[in-house]
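Subject: Structure for your files

Hello,

Here is the structure I said I would pass on. My notes on it follow below.

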Amino acid sequence: MRPNLDRVFSALADPTRRRIIARLARGEATVMDLAAPFKMTQPSVSKHIKVLERAGLISRGRVAQTRPCRLETAPLQGLAEWIEAYRHLWEDSFERLDAHLKSTQAAKRKGRKDARK
């Protein structure tokens, strides 16, 4: 497992940080822009932003006197790759469950037919 993957999962565990990521997916924003929809102080939002920065999910640039935040997609790609590796396991489990349920239903139908005879 990549060392940064733990930080990415941890950063995304918080709903406020997921909302910040969702907002940045639409384009760059200042800290004040990001803080606007939340009922918390700007310093509190800044703490969330620092967590996202440490996880590599966002970066800050410099435009005149503002420091807009932008989404960095590489950590999300790493997360998607990690999840994809396990998707096949889940699909196999669901396919086995589906086959089991079908055989159980078929056995029940057969049992009803035998009972009617």
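His48 is located in helix α4; helices here are DSSP runs of H or I with at least four residues, numbered from the N terminus. This is a predicted model, in which local features need pLDDT of at least 70 and side-chain atom pairs count only at pLDDT 80 or more, while totals for chains, interfaces and linings use all residues. Residues are numbered from 1 along each chain as its sequence is written, and side-chain values use heavy atoms, with hydrogens and water left out.

At a relative accessible area of 13%, His48 is buried (buried is under 20%, exposed over 50%, partly exposed in between, with a 1.4 Å probe and protein chains only). Apart from neighbours within four places in sequence, His48 has contacts with Asp14, Thr16, Arg17, Ile20 and Met40, a contact being heavy atoms within 4.5 Å.

Helix α4 (residues 42-54) packs on helix α2 (residues 15-24) with the axes 10 Å apart and at an angle of about 75°. The axes are lines fitted to C-alpha atoms over the stretch in contact, and angles run from 0 to 180 degrees between N-to-C directions. The two helices, α2 and α4, are therefore roughly perpendicular (65 to 115 degrees; under 35 is roughly parallel, over 145 roughly antiparallel, the rest oblique). From α2, Thr16, Arg17, Ile20 and Ile21 meet Val45, His48, Ile49, Val51 and Leu52 of α4. By class, the residues of this contact are six nonpolar, two polar and one charged; Ala, Val, Leu, Ile, Met, Phe, Trp, Tyr, Cys and Pro count as nonpolar, Asp, Glu, Lys and Arg as charged, and the others, Gly among them, as polar.

**Aromatic pairs**

Over the whole structure, two aromatic pairs turn up (ring centres within 6.5 Å, using the six-membered ring of Trp; planes under 30 degrees apart are stacked, over 60 edge-to-face, the rest tilted). Phe9 and Trp82 make an edge-to-face pair, 5.3 Å centre to centre with 80° between the planes. Since Phe9 is in helix α1 (residues 3-12) and Trp82 in helix α5 (residues 74-116), this pair ties together parts 73 residues apart in sequence. Trp82 also pairs with Tyr86: the ring centres are 4.8 Å apart and the planes are at 50°, so this pair is tilted. Trp82 and Tyr86 are four residues apart in helix α5, about one helical turn.

Phe9, Trp82 and Tyr86 together form one aromatic cluster. Relative accessibility is 33% for Phe9, 30% for Trp82 and 36% for Tyr86, and each counts as partly exposed.

Regards
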